[in-house]
Amino acid sequence: MKLNERHLMQLAAVLDAGGVSEGAAMLGLTQPAVSRSLAMLEARVGEPLFLKGRRPLQPTPLGFQLAAQGRTIITASRKASDAVQGFMKGTKGVVRVGGVPFFMDAMISRMIGEFQKLEPEVTVQQSYMNLPEMVAALESNQIDLGIVPIGVLDLGPGFEFTEILPGRNVVACRPDHPLLRNRRLRAHDLTSFPWVAPLPGSPLMSDLQMILMSIGMSDLNVRYSGGSLMSVINFLAETDALAVLPFSVVFAQRKENRVTVLPYEIPQPSRSLGILRRVGGPRSPAAERFAGHVTTAFENLKHIIKRHENAVVWGR
């Protein structure tokens, strides 16, 4: 026997409200319409739903059981409505974000935490990937957006890129590195110490090659490679090694005082960190809300980062 779900919902509302008129008002319906629905339900099941002569209305054993099912339907309907409203507002749902490892670990992961404090019903799924993997993931709808440094590169009309931070690389080392005692650093000073190689496929690898060309070297003494951001920082903190890192990544670690900037000017890439999206695909409101959060956070940060660089690194 199939029962009309709306009739069950109305039965539950009438019993919970204590009367047909009150239940109808709760559901935004008229009293005659609800009375007809209850009569149709009684006719369908072939049994009375209310005890005769009782006020407020009291259910029969069958009416009690059917009302319980009606309440379940009402609850599910309200949850579904809340889910739709939350999805449209971007306060509920899933955000799938891909990003380059160092930036994700140093800065974006903290912003994800801040975002979840504001939107606790949004789930963030993060993946590590460089630009080629990110483009493929966006094209196959495996991620909603990517956070990646991009240079002068035309990805075609299928993508849009929103800059959130201008690119700026530095040579990083431990705070008590011997080179920090030099009043004037020269290129050959950098070749006297071991280096950390960036992750394979990372844009920092090509940046390291630019540094080599600028100091007239074909190779460096690489003693460590392939590590995560935390691994690289731990290695730098315990050795005299040097590494090329984005300044914003070093800035994000300033409170730990385990890594700092070697004040030596190096060639800068024509590259910016930004948010990469696919044009024309479905947009997740939660992902757009998260992108807005990240953009605002970097808008506030970029001025602080620049002041820190001028005052602390270069002493201007």
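Axes are lines fitted to C-alpha atoms, for helices over the stretch in contact, and angles run from 0 to 180 degrees between N-to-C directions. The model is predicted, so that local features need pLDDT of at least 70 and side-chain atom pairs count only at pLDDT 80 or more, while totals for chains, interfaces and linings use all residues. Residues are numbered from 1 along each chain as its sequence is written, and side-chain values use heavy atoms, with hydrogens and water left out.

**Exercise 1.** Describe how helix α1 and helix α2 pack.

*Solution.* Helices are DSSP runs of H or I with at least four residues, and strands are runs of E with at least two, numbered from the N terminus. Helix α1 covers residues 5-17 and helix α2 residues 20-27, and their axes, 7 Å apart, form an angle of about 120 degrees. Therefore α1 is oblique to α2, since angles under 35 degrees count as roughly parallel, over 145 as roughly antiparallel, 65 to 115 as roughly perpendicular and the rest as oblique. On the side of α1, the contact (heavy atoms within 4.5 Å) is made by Met9, Gln10, Ala13, Val14 and Ala17, and on the side of α2 by Val20, Glu22, Gly23, Met26 and Leu27.

**Exercise 2.** Is Glu119 buried or exposed, and which residues does Glu119 contact?

*Solution.* Buried means under 20% relative accessible area, exposed over 50%, and partly exposed in between (1.4 Å probe, protein chains only). Glu119, in the loop between α5 and β2 (122-128), has 11% relative accessibility and therefore counts as buried. Leaving aside neighbours within four places in sequence, Glu119 is in contact with Thr91 and Arg289.
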